[in-house]
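Let us walk through this structure step by step, asking how the parts of each chain meet one another.

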Amino acid sequence: MAAMGGATQSAQPERPGRTDGVAGEFTVFCRIKPGHADELREVLDELMDAMGTGDRAALRQIGTLHDARHVIFDNDTQLLFASVFDGSWDTYIDDFATTVVGERFDRVFSHTEGFPGVKDPNVKEWFVAQQEPALVFVSSYPDLTVKQIWKDQRVNEAFQAVLDSSEFQAALENPANKELLASPAFQKLLDQAAG
Amino acid sequence: MSAEATDVPSVSLEIDDIQSGALRPRPSPYVGKFFVLRVDDRRDGRAMLRRLLPAVDGGLAGADPDHDAWASVAVTHQGLRALGVPRDSLDSFPLPFRQGMAARAELIGDVGESDPARWEPPFGTSDVHLVVSALSPDAARLEKALERVRTAYQETSGVEVIWQQDIRQLPTGRTTLGFRDGISHPGIEGSGVLGTNPQEAPLKAGEFILGYPDETGNLPPMPQPDVLGRNGTYLAVRKIHTKVAAWRQYLTKNTSSPEEEALLAAKMIGRWPSGAPLTLSPDHDDAELGNDPRRNNDFLYRENDDRGFRCPAGAHIRRVNPRDADIIGAARLHHIIRRGTTYGPPLPEGVLEDDGADRGLIGVFIGAHLDRQFEFIKSEWVNDGNFIGYSGEKDPVAGHHDGTGSVTIPQRPIRRRLQDMPSFVVTRGGEYCFLPGLRALRWLSELDT
């Protein structure tokens with residue numbers, strides 16, 4: 001046989017789910033093990049409490065997760081996990097599995113049917129089997145990754161602090177800075193500073 | 001070279017069954033040759049393998065690692081098929097290897113000038129079956145190894161050499177772009193191969209060799225039957241042309257003194273020409289440091305260079321080996337062994353015009369997981385920058401730029417931003433290969449299909 005076996009397949013195994021710009025949605029519906037809903041609810045409460053006390057270290061560690069929610073529904077029989085990631089959700093799944101994020105995944109999904117464990121080599125296939133791709137997924141900021149949003153936030157906070165400083169007011173009034181102030185790039189900055 | 005067994009193995013690697021081409025560090029200086037062979041008749045192909053077997057080396061170096069030569073034989077998925085490996089065994093290999101490097105071009109950034117449609121034949125075609133290579137510290141010993149290899153294929157009618165490439169270290173000991181290479185090598189548990197960075201724990205053997213647990217605690221996916229997979233590994237073999245004149249022109253155009261030029265080049269690479277890392281010597285080259293194998297890779301980033309004011313987060317060596325830097329994901333899952341070897345004549349010092357000569361490197365990237373090692377590094381670390389907070393930026397040297405890219409170099413008071421980056425490298429060809437263990441090679445040579 002001369003033909004290349006998989007040459008006509010796409011480079012990546014087809015991962016379902018819609019994308020908009022840099023981000024993609026990842027939505028799974030899992031069957032909760034009979035009698036496990038209350039235990040699962042406790043786990044989710046603990047995760048939520050940890051967030052409430054400001055423990056976002058896990059989110060920082062991920063660095064690609066825009067938002068996520070866990071919902072128990074259908075009479076305590078099903079768990080919805082809906083999330084938005086930069087790139088594809090599975091790019092870093094092996095990486096997450098080695099961290100506290102992986103532990104959390106294990107704690108939640110171990111209450112659902114058939115979950116092989118986040119470190120299992122087949123965990124991606126299991127997630128794909130539970131996945132229901134969204135019919136509509138839109139982002140209001142399709143060009144921005146989580147990392148960029150964090151940077152933008154830090155930059156804006158620093159920018160606002162500069163605007164509040166009396167030294168900046170003085171610099172604006174200093175004739176020596178006239179040329180800088182008139183430059184198109186700086187005018188754009190001042191346009192943002194105006195309101 | 002630090003290849004002697006001084007650590008206590010926690011897993012017992014069958015080191016003598018593993019081809020020397022997998023784990024044995026490149027000598028310096030080195031000289032070598034790559035061959036691509038096409039197998040037109042499976043029986044002839046196996047007969048050649050049988051003749052080749054005594055010439056293929058296993059294990060690490062003897063007492064004096066710099067004083068011998070070794071040959072390796074790697075097989076593509078098409079090559080396995082051409083040798084008559086049964087269908088269920090062919091299908092048991094991971095998807096990237098089954099598809100081959102050309103089919104993965106978009107994912108790994110082989111686009112534009114590097115598109116497989118423009119590759120040098122026979123790369124990207126179904127003719128690439130075996131990749132045989134030999135490496136030696138000197139020409140005399142290389143010739144002996146090559147003689148054994150030639151004897152094997154010349155006596156076989158149904159096997160043809162369809163491509164060959166000589167490689168050797170330049171007299172400067174540096175790459176065509178003018179930098180010492182081959183400095184960083186991961187430590188591998190149980191192998192006796194010590195890492196070149198004393199601050200990093202050795203990696204699990206299963207990151208590099210099939211049949212042993214990897215960093216996730218699992219065994220790497222094993223092709224079947226077991227005898228074929230065990231002690232094997234995967235190679236991404238690439239011929240990469242370097243545009244040396246374009247590189248020099250870019251540096252000249254964007255600086256105003258030889259000192260600035262040297263610094264800009266170092267900021268893009270992450271090391272000075274001598275090999276001295278910017279993180280340890282941020283302001284000037286330090287040949288003594290660069291030449292010292294005990295010190296030139298002995299550093300991390302987080303404690304003293306977190307923001308990249310010394311070595312930019314986007315510099316080549318920091319992207320492809322981020323050590324303990326603050327990145328998205330777990331760096332330990334994305335290590336490979338890099339064995340770069342130089343081909344073609346050097347562009348004489350000071351020349352800024354392209355002389356049309358083909359020069360660059362044959363890069364061999366080795367690991368047990370093509371997808372989460374070589375391909376991940378290319379797609380997430382070389383051809384994107386979100387993992388370090390520079391979304392859309394690429395590796396200044398190894399990235400496939402289209403003339404519009406930017407590269408951020410942190411400095412105070414404000415960062416420098418290189419704009420309109422051209423490409424300095426072009427992929428001329430490549431293929432994914434399986435490097436079987438010696439028992440597996442024998443099994444292949446004795447197939448009866």
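In this predicted model, the centres of domain 1 of chain A and domain 2 of chain A, taken over C-alpha atoms, are separated by 41 Å. Domain 1 of chain A covers residues 19-130, while domain 2 of chain A covers residues 146-193. Where they touch, 7 residues of domain 1 of chain A are in contact with 5 residues of domain 2 of chain A.

The size of an interface is often given as the accessible area lost when the parts come together. For domain 1 of chain A and domain 2 of chain A the buried area is about 430 Å², with carbon and sulfur atoms giving 59% of that area. On the side of domain 1 of chain A, the residues that lose the most area to domain 2 of chain A are A:Arg60, A:Gly63 and A:His66, which together make up 73% of what that side buries. The elements that give two or more residues to this side are helix H2 (57-62) and strand S3 (65-73) of chain A, and by class the side has 2 nonpolar, 3 polar and 2 charged residues. Between domain 1 of chain A and domain 2 of chain A there are 0 salt bridges, and 1 residue pair is in polar contact, both residues being at pLDDT 80 or more.

How much area is buried between domain 1 of chain B and domain 2 of chain B? The area is about 5900 Å², of which carbon and sulfur atoms give 56%. In domain 1 of chain B, B:Leu177, B:Phe179 and B:Ile240 lose the most area to domain 2 of chain B, but together they account for 14% of what that side buries.

Between domain 1 of chain B and domain 2 of chain B the count is 6 salt bridges, and 42 residue pairs are in polar contact, with both residues at pLDDT 80 or more.

Note on methods. Residues are numbered from 1 along each chain as its sequence is written. Chains are lettered from A and ligands numbered from 1 in the order in which they are written. This is a predicted model: local features need pLDDT of at least 70, side-chain atom pairs count only at pLDDT 80 or more; totals for chains, interfaces and linings use all residues. Side-chain values use heavy atoms; hydrogens and water are left out. Domain bounds come from an automatic or database domain assignment. Contact means heavy atoms within 4.5 Å. Buried area is the accessible area (1.4 Å probe) that two parts lose on being put together, summed over both. A salt bridge is a side-chain nitrogen of Lys or Arg within 4 Å of a carboxyl oxygen of Asp or Glu. A polar contact is a pair of N or O atoms within 3.5 Å; within protein, one must be able to donate a hydrogen and the other to accept it, and residues adjacent in sequence count only if both atoms are side-chain atoms. Helices (H or I, at least four residues) and strands (E, at least two) are DSSP runs, numbered from the N terminus. Ala, Val, Leu, Ile, Met, Phe, Trp, Tyr, Cys and Pro count as nonpolar, Asp, Glu, Lys and Arg as charged, and the others, Gly among them, as polar.
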